Amino acid sequence: MSKSTGFDWLSILLFLLLVAFGWVNIYSASLNDAAQGFFDLSQTYGRQGLFIVLSIVLIIFILSIEAKFYERFSSVIYLASLLSLLGLFVFGKTISGATSWYAFGGFSIQPSEFAKAATALALAKYLSDIQTNIKSFKHQLGAFLIIILPALIIVPQPDPGSALVYAAFFFPLYREGLSGGYLLVGLSFISLFVFTLLFGAIWVSVGVVLLALAILFFNRKKKKKYIGRYVAISAVSMLFAFSVNYIFHNVFEQRHRDRFNIVLGKEVDSKGIGYNTNQSEIAIGSGGWTGKGWTQGTQTKGNFVPEQHTDYIFSTVGEEWGFAGTATVVLLFIALLMRLIFLAERQKSKFSRVYGYSVVGILFIHFLVNIGMVIGIFPTVGIPLPFFSYGGSGLWGFTILLFIFIKLDSNRKATYY
Amino acid sequence: MRRLLPFILIVLTGFVFLGRLFYMQIVDESSAILSQNNAIKIEYDYPQRGYIFDRNGELLVSNQPSYDVMAIPREVEPFDTLELSTLLNITPDKLGKRLDKAKIYSPRLPSVIVPQLTKEEYAYFQEKLRKYEGFYIQKRSSRDYQIDYASNVLGYISEANTSEINNNPYYQAGDLIGRQGVEKQYEDILRGTKGVKYIQKDRFNREIGSYKDGIYDTLPVKGKDISLTIDAELQAYGEKLMKNKWGGIVAIEPSSGEILSLVTAPSYDPDLLVGRKRSKNYTKLWYDSISRPLYDRSLQAMYPPGSPFKTMTALIALQENVIDTRERIDCHHGFSYGRSSRMGCHSHVSPLSMSPAIAHSCNAYFGKVYRRIIESYDSPQAGMNAWHDHLASFGLGNFLGNDLPVGQPGRIPDAAYYNKWYPDTRWQATYTLSNGIGQGEVATTPIQLANMTAAIANRGWFYTPHILKEVNGNPIKDKQYTVKNKTTIDAENFEPIIQGMHDVYNYGTAQFLQIPGVEICGKTGTAENYTKIDGKKTQLTDHSIFVAFAPKDNPKIAIAVFVENGYWGSRYGGRIASLMIEKYLKEEITRTDLEDWVMSHSLEEEYAKPYSGEPFKINQ
């Protein structure tokens with residue numbers, strides 16, 4: 001028997017606060033005349049209530065399992081998860097265009113929500129292996145494969161939003177020693193991408209050349225040694241810029257182009273694709289300091305914001321609770337993320353630490369992309385706000401993800417002995 | 001460093017989010033307004049405007065339903081333009097223009113496309129309304145005039161303009177607001193309060209019920225009925241007498257300050273400014289820059305008061321003790337003063353004491369008395385100011401404060417006025433002598449003159465003239481109109497002046513205008529006046545002016561009549577005043593020959609003279 005040091009009640013408290021406040025807002029967003037009581041299962045908020053109750057059962061189950069189980073069976077869980085994703089191509093049910101669901105009677109399960117936790121376990125297991133050296137290219141490739149496999153299966157469902165989440169695993173990789181160069185390269189490509197869309201490939205090429213010349217000028221002493229490298233980088237950058245141009249205009253579909261153009265401010269469109277963002281901004285903006293009061297939001301009641309109980313739930317918070325509400329939610333998330341980093345850092349086992357950072361990364365990227373989208377500073381990418389958005393799979397996926405870590409943390413002292 | 005990066009990323013994201021949210025929710029207010037507009041539809045229920053009665057309870061103005069065709073441009077779907085324009089009886093081109101204008105005003109807010117359909121047009125259009133997405137009918141209450149006169153008193157209502165909408169949150173585009181007369185003055189009383197219904201809409205613009213179960217909804221409150229101080233019959237009679245003449249009549253009940261009639265001529269039928277024809281008719285009236293029917297001469301025209309002003313000179317002289325009632329003053333067809341100035345006068349017995357001087361309207365008497373008043377002070381400035389203050393106590397030289405939205409202050413000069421004219425300040429009483437006989441620099445409006453007459457009739461006090469008598473049957477309580485204004489002249493000083501005014505009828509300038517059985521007091525006036533023709537100052541036929549009150553003791557009516565270019569005081573002014581008083585006191589006219597004379601005589605030829613472009617003769 002391993003010794004348990006108790007659960008981190010602060011994380012659990014933050015989790016409960018988010019789930020409870022989320023339900024309160026789902027109630028308001030989905031309230032209609034047919035509603036009968038708080039636990040009417042024919043209503044969206046009633047079902048979410050049921051999901052929450054079931055997630056408590058799930059938590060008790062997760063916390064009562066031996067902590068070693070997660071490490072030992074991580075590969076099995078990962079493989080099962082991959083299979084469940086693959087199975088969608090055969091048995092999947094299509095909901096709003098994406099074949100991401102298994103239907104069980106009245107309920108649907110979205111396996112990609114659970115695949116995140118499975119991938120986190122597999123990555124933690126791989127990186128914590130005594131033989132794995134993150135500095136070696138071979139092992140980098142291995143880790144990369146673990147991460148990219150589920151994402152590759154999810155993309156064609158199509159659910160690019162869920163696939164994007166796998167970028168979150170950069171967090172544990174970086175923490176475990178992956179070169180920051182990858183991040184630099186990644187960021188460079190993202191900037192090149194954005195600038196190309198904004199200013200066109202030709203101006204970006206001019207900019208790249210000027211930048212290279214400027215750096216050369218300020219590093220005159222080393223210039224002979226590195227001049228080839230500058231030329232190569234500039235050439236790659238320009239090539240990338242032109243290919244972005246090509247891909248954007250010839251490979252992307254119009255709807256993808258629209259999403260980028262709207263966020264970059266190149267197009268104003270409040271009726272088509274921009275409608276969601278526009279309406280959600282109106283709803284949030286109309287909240288003021290303290291909002292219009294619970295269930296009193298005019299935009300929420302009028303269903304002006306599409307998908308308001310799922311991806312756009314944050315706009316309900318904005319309208320009905322005002323800046324007080326939105327700031328509270330943002331601060332709750334930041335508190336939870338900080339707490340989890342703190343917990344991850346105090347782990348003695350590498351497995352727990354990698355897993356902890358994976359949890360932080362996944363929650364952070366959801367938080368960043370979802371709220372960023374709702375408040376109009378990110379392109380429209382359909383991913384839920386953890387613990388908050390409506391949906392059983394999502395809630396359970398995040399609950400499992402978080403509580404496995406809380407279980408691992410409670411067991412941190414026992415692990416080495 | 002490796003531990004720091006996630007930490008920094010998270011904190012940075014937090015700051016960016018909080019900053020953006022702060023901007024959206026607190027700093028930027030455009031969304032708050034936008035949200036009000038797209039999720040909540042506001043429906044208005046317009047109340048009936050209050051009725052207007054005269055002092056005897058006769059209904060003057062009631063309401064009729066009117067139907068405005070409204071459109072919300074954002075919701076308008078493509079439609080059969082030709083059919084709709086035929087239905088609404090306008091050209092397709094005009095319909096398109098109005099819709100464009102509405103879109104510019106606001107795509108989300110309703111605008112009036114065609115105002116005030118008749119019942120027939122409405123009935124026909126209503127059948128087809130459902131075919132036109134985004135159009136609807138707003139029922140309002142428009143005016144139904146029971147009389148075809150008194151338009152200057154009543155005013156009219158029309159759509160609120162942009163600045164009114166911006167300045168007063170009560171009004172929306174298409175709302176009707178009072179203009180001119182009591183409609184404007186008592187807009188807040190007459191208007192009532194419109195009912196509001198807030199309706200929650202969903203994103204398909206469907207109505208999904210009342211917003212917050214209707215806790216903000218209100219029912220319309222009907223406007224209050226008002227009774228005016230006007231005597232409708234007298235008003236109608238006055239307007240009839242003034243036909244084909246320009247000028248004003250103001251009659252006041254001295255004991256209350258209530259305005260019995262307020263006639264301006266020329267005028268117009270109030271019904272011209274109702275319904276779809278309003279704008280066309282208004283333009284026509286507005287562009288008549290010669291006879292100016294929209295200009296209320298009874299309140300706005302500043303004329304030299306002429307001889308009736310001599311009563312003031314007499315009163316001030318008695319109050320200042322510069323003369324007594326027995327002293328007689330010579331007049332030799334006027335008198336000479338200064339080095340080479342002369343004030344002319346007509347033929348009458350001479351010398352005269354005060355009362356006969358009033359009866360005969362002797363210029364020399366009042367010119368000399370005026371000089372004594374000014375010179376009884378150490379400096380002409382001090383004398384001038386004392387004279388001005390006495391007149392100011394009669395409500396002359398400034399706005400009276402009566403409850404009608406237009407007016408003029410008139411002009412009673414004081415020392416500062418002449419100091420501006422003569423910067424060396426070495427001016428004398430003789431410089432301003434014409435003031436003493438109501439010429440020179442003094443100017444009054446007919447209502448000021450009527451009020452002056454009422455103050456004389458009351459022997460030294462008056463109530464500020466007013467047009468509102470009752471609101472919903474309750475007498476007004478406004479202190480402005482229920483507290484006496486005292487003049488600076490002692491009551492006993494009025495008797496000789498009133499006797500003189502009585503003698504005007506007995507043997508003076510209006511002896512042929514006596515009303516059988518009525519003790520009447522009056523004063524004629526004949527005022528020189530000028531206009532500019534091609535930049536040249538040209539004298540026109542004199543104005544005919546008359547003030548009167550009756551009965552002499554316990555007066556019931558005080559009246560001032562101005563007839564532009566009516567030649568001399570008793571010719572038009574005296575006759576009209578006499579008939580008006582008889583009408584009011586005896587309710588029937590016994591002197592039908594006099595009535596016929598006034599009604600059959602026109603001054604239109606006189607008014608055409610300055611515009612004829614040819615030389616013309618005056619005072620004939």
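In what order do the five strands of the open sheet in chain B run? I noted first that I am working from a predicted model. The order I wrote down is β12-β11-β21-β20-β19, with antiparallel pairing. Strands β12 and β19 of chain B each have a single partner strand, so they stand at the edges with one side left without a neighbour in the sheet. On average, neighbouring strands here are turned by 10° against each other, direction ignored.

Next I looked at one pair inside the sheet. β20(B), residues 536–550, runs antiparallel to β21(B), residues 557–563, and seven bridges join them. I found Phe546(B) opposite Val561(B) in β21(B). I also saw helix α10 of chain B (232–241) packing on the sheet, where it touches β11(B) and β12(B). The direction of α10(B) makes about 25° with that of β12(B).

Then I turned to a helix pair in chain A. α5(A) (111–128) and α17(A) (392–410) pack with axes 7 Å apart, at an angle of about 20°. The two helices are therefore roughly parallel to each other, and their crossing is right-handed. Among the residues that meet are Phe114(A) and Ala117(A) from α5(A), and Gly397(A) and Ile400(A) from α17(A). By class I have six nonpolar, three polar and two charged residues in this contact.

Last came the interface. I have 36 residues of chain A in contact with 29 residues of chain B. Helix α15(A) gives the largest share of chain A's side, 11 residues. That side has 20 nonpolar, 12 polar and four charged residues.

How values were computed: Residues numbered from 1 in each chain as written. Chains lettered and ligands numbered in written order. Predicted model: local features only at pLDDT ≥ 70, side-chain atom pairs only at ≥ 80, totals over all residues. Contact = placed C-beta atoms within 7 Å. Helix = DSSP H or I, 4+ residues; strand = E, 2+ residues; numbered from the N terminus. Nonpolar A, V, L, I, M, F, W, Y, C, P; charged D, E, K, R; others polar. Axes fitted to C-alpha atoms, helices over the stretch in contact; angles between N-to-C directions. Parallel < 35°, antiparallel > 145°, perpendicular 65-115°, else oblique. Left-handed = near helix turned anticlockwise from the far one by under 90°. Pairing = 2+ DSSP bridges.
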